[in-house]
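Please look over the sequence and the model shown here before reading on. The paragraphs below go from the overall fold to single side chains.

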Amino acid sequence: MGAFKKGDRVIVVAADPENAGTVGKTGTVVDDGSLSGGLIGVKGIDGRISEAVLGYRGYTADQLRAV
């Protein structure tokens with residue numbers, strides 16, 4: 001996908017309804033979208049326990065901005 005790579009720090013600038021309430025939060029890219037149909041996996045948006053149970057949040061490239 002090219003826009004972001006694993007380890008990049010990003011901030012959420014827009015979100016779909018399932019990610020409502022996450023705009024303005026920062027996280028770290030864990031999947032560049034090449035394996036998940038274009039969704040970029042971001043960790044650090046939710047607490048560690050929530051992420052362990054529910055997984056990381058997925059965003060499109062236009063919903064994220066590099067920090």
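This is a predicted model: local features need pLDDT of at least 70, side-chain atom pairs count only at pLDDT 80 or more; totals for chains, interfaces and linings use all residues.

Residues are numbered from 1 along each chain as its sequence is written, and side-chain values use heavy atoms, with hydrogens and water left out.

Taken along the principal axes, the C-alpha atoms fill a box of roughly 30 × 20 × 20 Å. The radius of gyration is 11 Å, which agrees with the value near 11 Å for a compact globule of 67 residues; this radius is taken over C-alpha atoms, and the globule rule is 2.2 Å times the number of residues to the power 0.38.

Of the 67 residues, 28% count as buried. Buried means under 20% relative accessible area, exposed over 50%, and partly exposed in between (1.4 Å probe, protein chains only). The protein exposes about 4,200 Å², and carbon and sulfur atoms supply 55% of that area, by the Shrake-Rupley method with a 1.4 Å probe. Among contacts (heavy atoms within 4.5 Å) between residues at least 6 apart in sequence, 42% join residues at least 24 apart.

Side chains of opposite charge can pair when their charged atoms come close. A search of the whole structure finds two salt bridges, each a side-chain nitrogen of Lys or Arg within 4 Å of a carboxyl oxygen of Asp or Glu. In one of them, Lys5 pairs with Asp8, with the closest N and O atoms 3.5 Å apart. Lys5 counts as exposed because its relative accessibility is 55%.

Asp46 and Arg57 form a salt bridge with an N to O distance of 2.8 Å. Asp46 lies in the loop between β3 (40-43) and α1 (48-54), and Arg57 in strand β4 (residues 57-59), so the pair ties together parts that are 11 residues apart in sequence. Asp46 is partly exposed, at 23% relative accessibility.

Thr60 lies in the loop between β4 and β5 (64-66). With 28% relative accessibility, Thr60 counts as partly exposed. Leaving out residues up to four places away in sequence, Thr60 touches Leu39 and Ile40. Thr60 and Gly37 are 23 residues apart in sequence, and their C-alpha atoms are 9.8 Å apart in space.

Notes: Helices (H or I, at least four residues) and strands (E, at least two) are DSSP runs, numbered from the N terminus.
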